[in-house]
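Please read them alongside the structure.

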Amino acid sequence: MQSPREPFMVFVSSNTKDGTVKKKIRVVQFGVGPIGASIVRLMRQKDSIEITGAIDSDPAKAGRDLGEIVGASDAPWGVAISPDASAVLSKPVDVVIHSTSSYLPSVMDQLLACLSAGCCIVSTCEELAYPFRKYPDLSKQLDVAAQEEGVALVGTGVNPGFVMDKLVLTLSAVAQRVDSAKAVRIVDASKRRLPLQKKIGAGMTPEEFRAQVAAGAIKHHGLPESVAMVADGLGFALEKISETIEPVIAEETIKTEFLEVAPGQVAGVHQIARGISGGQEKIFLELKMYVGAKNPGDTIELQGEPRLSLTIPGGTHGDVATAAVVVNTIPAILAATSGLRTSRDLPLSFFPSRK
């Protein structure tokens, strides 16, 4: 076991005569799907980051060059993708960027292996964004493992991780009193990747959609986690967190790059999560994510003193913003106190390329 390290910011020096990086942050990408590929391409733009390895269980990717798999114009990079996590993690690594699954129980072994190797982790696992209510035992296990190694881990992304939780809490910094919080996010999924369009049930019949919801296969993950994060940040003692998931039915034919939705078929999801305290609704989060969505945007409203409202016209682009949040979190997780952290804990800001 490594001895606990002191928090630090970035392994770079701006004092060298030629302005070059003195020591880079060594990063491994764990999971090279569409989101992982987007993250990798962005990390490549940061001259203070060195991508030293990549892990993916897909046999079609094993042994292939990471730059070629992610479609980089400057490929090959000389970084081979490996299905053997232990081999990749046996080499010196500072941070693992983890993007394999939305479900925390499914990735526990992966996360623990990274922690055991003495690596900080930034993960896109939605259930890791604020897991304390749903998975208290798993949360404790991760927190203890990270503290023993003197490293930190966090689950983050655009939602959960920013729009409907971190941004809500940031806006509350200028309030003297907050009585309730509301966030509404409308996303046109026709401009998003195929796996997401499938995840929200686009093209299904309403009956197929409801069956898949009952099976836990169709939904956007993270709304209850965001409710819990906001509640704790605003000091609301919640008695209940509820969530509803309904289909959005297409009224006209909608074509995307990947599929076609006919009238009467499902265009996507309409989810609402509520936080109840003292019999009153204190937190209301509404997500409409469907192909062909009208008037996309993100809106936050805080009732209190004063009343505050913030709108991002067009909304925050999920795929672009997810990669950005993950990469911009790297300096913060390296500087964090060891243990399981959340985006609520971390001072997030833009991570410049320094090129």
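Predicted model: local features only at pLDDT ≥ 70, side-chain atom pairs only at ≥ 80, totals over all residues.

1. Buried means under 20% relative accessible area, exposed over 50%, and partly exposed in between (1.4 Å probe, protein chains only).

2. Residues are numbered from 1 along each chain as its sequence is written, and side-chain values use heavy atoms, with hydrogens and water left out.

3. With a disulfide taken as a pair of cysteine sulfur atoms within 2.5 Å, the count is zero. The sulfur of Cys-114 lies 6.0 Å from its closest counterpart, in Cys-119, which is too far for a bond. Cys-120 is likewise in no disulfide: the nearest cysteine sulfur, again that of Cys-119, is 8.1 Å away.

4. Lys-166 belongs to helix 6, residues 166-171 (helices are DSSP runs of H or I, at least four residues, and strands runs of E, at least two, numbered from the N terminus). Lys-166 is buried yet has no salt bridge (a side-chain nitrogen of Lys or Arg within 4 Å of a carboxyl oxygen of Asp or Glu). The nearest side chain of opposite charge, Asp-345, is 7.9 Å away; Lys and Arg count as positive, Asp and Glu as negative, and His and the chain ends are not counted.

5. An open sheet of seven strands has the order 3-2-1-4-5-6-15, with parallel pairing; two strands pair if DSSP finds at least two bridges between them. Strand 3 (81-82) and strand 15 (339-341) are the edge strands, each pairing on one side only.
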